[in-house]
Amino acid sequence: MNQALPIVDIRNLSYAIGGRPVFDGLDMAIPRGKVTAVMGPSGTGKTTLLRLITGQVHADGGAIEVAGQDMRTLKRKGLYELRRRMGMLFQNGALLTDLTVFENVAFPLREHTDLPERLIRQLVLTKLQAVGLRGAAGLMPSELSGGMSRRVALARAIVMDPELLIYDEPFVGLDPISMGVILRLIRRLNDTLGLTSIVVSHDVEEISTVSDTVFLLSGGKVVAKGTPQELRCYPSEIVRQFVGGLADGPVPFHYPAPDYFAELLAPGEAN
Amino acid sequence: MRRSNTLNLGTGTFVALGFAALFFLTTQTTNRGLSFGGTPHYDVTAKFDNIGDLRVGAPVSMAGVEIGRVVKIDFDTREYKAVVVLRLNAKYNQIPTDSDAAIYTQGLLGGKFIGLTAGGADTYLKDKGQIDFTQSAFVLETLIGQFFANFAKGQSASTAPNADTPATPEKAK
Amino acid sequence: MNTLNELWQSLIDSLVRLGAVVRFLLRMLVLIPSSLLRFDLIVAQIWNAGALSLVIIMLSGLFVGMVLGLQGFQLLQRFGSEEALGVAAAIGLVKELGPVVTALLFAGRAGTALASELGLMRATDQLSAMEMMAVDPIKHVVVPRFLGGVIAMPLLAAIFSAIGIYGAQLIGVQLMGVDSGSFWSQMRAGVSLSDINEGIVKSCMYGVACSLIAVYQGYYATPTAEGVGRATTRTVVTSAVAVLFLDYLLTAAFL
């Protein structure tokens, strides 16, 4: 297999929020040209990881390399240059509420290029066609359903032909049909546009159908890595619990509390 | 885009309204009103012993009609008098040269203004002319002092010689 | 001694916040020249902050002027100086009431709108999305709103004062019978350009203060529904205190 350089290379990353360590010695290499899923229980810092990759926050220790750039030494200008090669899909679409669907998708083009209006129009319509929403070009974001606004955001994310696409929990709150649409788009866009896609999600079943590699994070470390099939039979408690959706396991059901009987039989005092 | 055209129109109207208000404030409420820049006028000076609190911009009237404004107040170091420049509307160019200029008060707490009383000369005031007959402002303290001085004199005339004579305020003349 | 510690801590916190706000202002100032290139954005914000506040400003100006006319007349009547109503109302409005009341109303209407707009954009990730698209949200979204407020404020204050004078005249001359000529001539004699100047400078400074506070609170709002609500409340309170404090400073400075 041709070992192309990973598009995102994370080595020994450490990062803490408010004193609490989120990552401690994390190693991750995300391969180019593939769809990579990053999964994990709530609160393991998946969104934080995305923020570190996109440069919205800075690591405390370790190294992050994105598309060959060392994130530690990147200044604002270099960061903005890098971001133009990336596209990001936010959890709720994050469309600009005072612009139409067309204007939202055209926004990066208008800000970063000097293309003539005619060309902009063609590009926007092409991208909207790719996500199936060319007919909705004149609507306002408030008139769109959740799934539709996410598709528009996707069109906006690919309008500048990025190398890397990042999806932050794209399936939250979607009905099965919309979910299927987004899944199909993730795979198709990745293959036809030659992108690399990173999908943060915890919809195990769904994401397994379209991803090439899966990383499972827990406790700030990678606890499992492999293809979706490999993960299903992974010899690890935490992977088993996560993949199987089990209520109790390494991630406990009960929030830490004193002894049950002791608390029940204690002389009544409201805490 | 049509929407931005109405937006531009609306904003432009608002800004115009704001400037209109500013224009109103600066011209209609201050003494540098519009009437002044353009109207033809001529300046005359008048010297006073005491102008009280007459201020630049105070009106100059004759027979109760406003015919001009005070534009400059200066001090003559030789004669120790106040030199007031009156800017008169060129329309009123038949004011005799021996007219009298006096300083009056508007109401009880009002500002001071200059009132001209016509004299009988055949020559009229012209630009750079001078009004020779002036009456100073009425200063409340002087009147009170004079009142007490007269009162005391009246008292001492009708009673035995009194050691207590109220002091009369000194006024530089 | 605990309260002393807390007081000290809150003093430090306030200084830190003040520093953050000033740095934010500096960052905006640096971006103003390039932001002016997108003049259409600024025009939209002048409309947002200024034109949409017109109704409340004009209504308030009228009523404040009428009250001034009423109260002023009662007071001056005791000294037989009703004709001074014009100059009293004009000076009061132009130097103090116009700038200050306009600023407080502005903070309530336009300030909260600015703060909640930005707060909402923060809460729905629109600002992060812009960052990700390599567009500086401060340049694109914040600076135009700031400039819109700064430009709109002195204009609103002038409109307030002008309508206020009309209101005072309405009560004093039309209703109470003050002589119209004296009303205006005493005003003209008593109000100088430096008074108007003082009023304009004050309203400009209040514009900067209120707009800065509003955009700062909105931009750094906690990205939740209650965070946005808190940001708008804080905008009004902080703006009010800042305006009244600046009022004292500027009045003393002009003396």
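Guide: First, a term: two residues are in contact if their C-beta atoms, placed from the backbone, lie within 7 Å. Also, this is a predicted model.

Visitor: How many residues do chain B and chain C put into their contact?
Guide: Chain B brings 28 residues and chain C brings 32 residues.

Visitor: Which part of chain B gives the most there?
Guide: Helix 1 of chain B, residues 2–28. That helix supplies 14 residues to the side touching chain C.

Visitor: And what classes of residue are on that side of chain B?
Guide: There are 15 polar, 12 nonpolar and one charged.

Visitor: New topic. What is chain B built from?
Guide: Three helices and eight strands. Along the sequence the pattern reads α-α-β-β-β-β-β-β-β-β-α.

Visitor: How much of chain B is buried?
Guide: 20% of its 173 residues count as buried.

Visitor: Over to chain C. Where is C:Leu127?
Guide: C:Leu127 is in helix 5 of chain C, residues 126–132.

Visitor: Buried or exposed?
Guide: C:Leu127 counts as buried, because 24 C-beta neighbours lie inside 10 Å. The cut-off for buried is 20 or more.

Visitor: What does C:Leu127 touch?
Guide: Leaving out residues up to four places away in sequence, C:Leu127 touches C:Met121, C:Arg122 and C:Pro137.

Visitor: And where is C:Phe183 from there?
Guide: C:Phe183 is 56 residues from C:Leu127 in sequence and 54 Å away in space, C-alpha to C-alpha.

Visitor: What scores does the predictor give?
Guide: For the complex, an ipTM of 0.78 and a pTM of 0.75. Chain C averages a pLDDT of 91, and 100% of its residues score at least 70.

Terms used. Residues are numbered from 1 along each chain as its sequence is written. Chains are lettered from A and ligands numbered from 1 in the order in which they are written. This is a predicted model: local features need pLDDT of at least 70, side-chain atom pairs count only at pLDDT 80 or more; totals for chains, interfaces and linings use all residues. pLDDT is the predictor's confidence in each residue, from 0 to 100. Helices (H or I, at least four residues) and strands (E, at least two) are DSSP runs, numbered from the N terminus. Ala, Val, Leu, Ile, Met, Phe, Trp, Tyr, Cys and Pro count as nonpolar, Asp, Glu, Lys and Arg as charged, and the others, Gly among them, as polar. A residue is buried if 20 or more other C-beta atoms lie within 10 Å of its own, exposed if 12 or fewer, and partly exposed in between; C-beta atoms are placed from the backbone.
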